[in-house]
Amino acid sequence: MAKPDGPAEPRWHRTVVSVDRDAIGHNVRQLSPPGVPVMAMVKGDAYGHGAIEAAATAVAAGARWLGVALVQEGLRLRQAGFAVPIFVSTELPAGSEVDAVRADLRISVHTDDGLLRLADAARALDRPVGAHLAVDTGLARAGVAGHDAVGFAGRLARAGLRLDGVWTHLAKSEDIDSFTARQLDRFDEVLAGLHAGGHRPVLRHAANTAAVLAWPRSHLDLVRPGIGLFGAILNAGLSGADALRPALTWRSRVVQTSRLRAGQGVSYGLTYRVAGPATVATVAVGFADGYPRQLSNRGEVLIRGRRYPVAGVIAMDQLTVDVGDDPVAPGDEVVLIGRQGEQSITVAEVADWAGTIPDEVFCGISARVPRDYVGSPPPAEVFKTHQLGVSRS
Ligand SMILES: Cc1ncc(COP(=O)(O)O)c(C=O)c1O
């Protein structure tokens, strides 16, 4: 398959991300509760892994839905030929409704303005249109308040729209505490209220990765894992988290070695000084590639199967590593995330050093780093040409 997600020629790039499709497929299966379909969340270019390839792999592994945050992300998947339902989790920006409906995207609504704009598009296209009602059960980010859900569903019906789904998003499902239970209780109350009011959504969904693992009562009719598809999770202690397989390896190369005398400084500002005579290796990756500058004097990389500290400030295109007296040479492979020999560096470690979460590290890997795909290619059928109206749910 063509590689639509990065520069076309990974072979001569010195810094390359390699994505293991088999790991994504394995993770889809790990995150599939028995009898509950999976919506593979591939927003943010599949958390930096490449939306088209990751989506194809997830669908080949059994994901029945794809989920994105933005309408343009959904349109891109549809244009790539995916026939499965594609959910867009944020409300459509004004002006995008007709395109979204034409592409048969599954649309979320929670404001009256969004509802009316969607109803206008349905009328303009003279076509029945469904929506998924977003309910805020405690994240306080987007969604109708629980007490307004029945009223909103009524307005939706009066505007001529179908209620296809009702969904919520959890604030801290990675923690085993009472807040998630309270959110799920509120969601149950909303669903009961809708039911009593004569509104029967076909699909109820709430579970992100951590909830798939830790909160079986959140599984409902559809689960929406994202980060776990790529083998990471916020709380690695959750039962089942250790069965997830990292899908991404980020490699670069040593491009120069320099022998420094004791006390000599390295990189901008000379913030790192070698303790004794030492070799400093220059690596062809920097913050323009998305390697976080916060890792200056904090991060570690693997060379020849050993960990070495990032020495000095990370620059836009290069960083420097103190390799002491070891025989490191230009051309040596450097692993920034992933396994090399017996050693590995996880995205969680990198995120910790940078004071952030794995999701941000993945999403930060910039477009100038080509993504290379290994493992079994998905069969061509995952790209069945989409015919509008074929898949309704
Ligand atoms: C609406 C929605 N559902 C599901 C997910 C997936 O969450 P996670 O990456 O924690 O699995 C996200 C991501 O934040 C989301 O915004």
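Select N208 together with the ligand: in this predicted model, a polar side-chain atom of N208 lies 3.1 Å from an oxygen atom of the ligand. Then display the backbone of G226, of which an N or O atom lies 2.8 Å from an oxygen atom of the ligand. With the ligand surface shown, note that the protein covers 88% of the 390 Å² of accessible area that the ligand has on its own.

Now widen the selection to the 13 residues around the ligand; K43, Y47, T209, R224 and G226 come nearest.

Proceed to the largest pocket, with a volume of about 810 Å³. Its lining comprises 38 residues, and K43, Y47, R141, H169 and N208 are the closest to its centre. Colour α2 (43-47), β6 (130-136), α9 (209-214) and α11 (358-364), each of which supplies at least two lining residues. By class, the lining of this pocket holds 18 nonpolar, twelve polar and eight charged residues. Colouring by domain shows where the largest pocket sits: domain 1 (32-228) and domain 2 (248-374) both contribute lining residues, so the pocket lies between them.

Finally, move to the second largest pocket, of about 620 Å³. Centre the view on G231, A232, P246, T346 and V347, which lie nearest the centre of this pocket among its 30 lining residues. Select β1 (16-20), β11 (248-260), β18 (333-340), β19 (343-345), α10 (347-354) and α11; each gives at least two residues to the lining of the second largest pocket. That lining consists of 18 nonpolar, seven polar and five charged residues.

Terms used
Residues numbered from 1 in each chain as written. Predicted model: local features only at pLDDT ≥ 70, side-chain atom pairs only at ≥ 80, totals over all residues. Heavy atoms only, no water. 1 Å grid on protein atoms, 1.4 Å probe; cavity = no way out; pocket = protein on both sides within 12 Å on 5 of 7 lines; lining within 4 Å. Points joined across faces, edges and corners; volume = space filled by probe spheres on them. Helix = DSSP H or I, 4+ residues; strand = E, 2+ residues; numbered from the N terminus. Nonpolar A, V, L, I, M, F, W, Y, C, P; charged D, E, K, R; others polar. Domains from an automatic or database assignment. Near = heavy atom within 4 Å. Polar contact = N/O pair within 3.5 Å; in protein donor to acceptor, adjacent residues only side chain to side chain. Areas by Shrake-Rupley, 256 points an atom, 1.4 Å probe, with all protein chains shown as cover.
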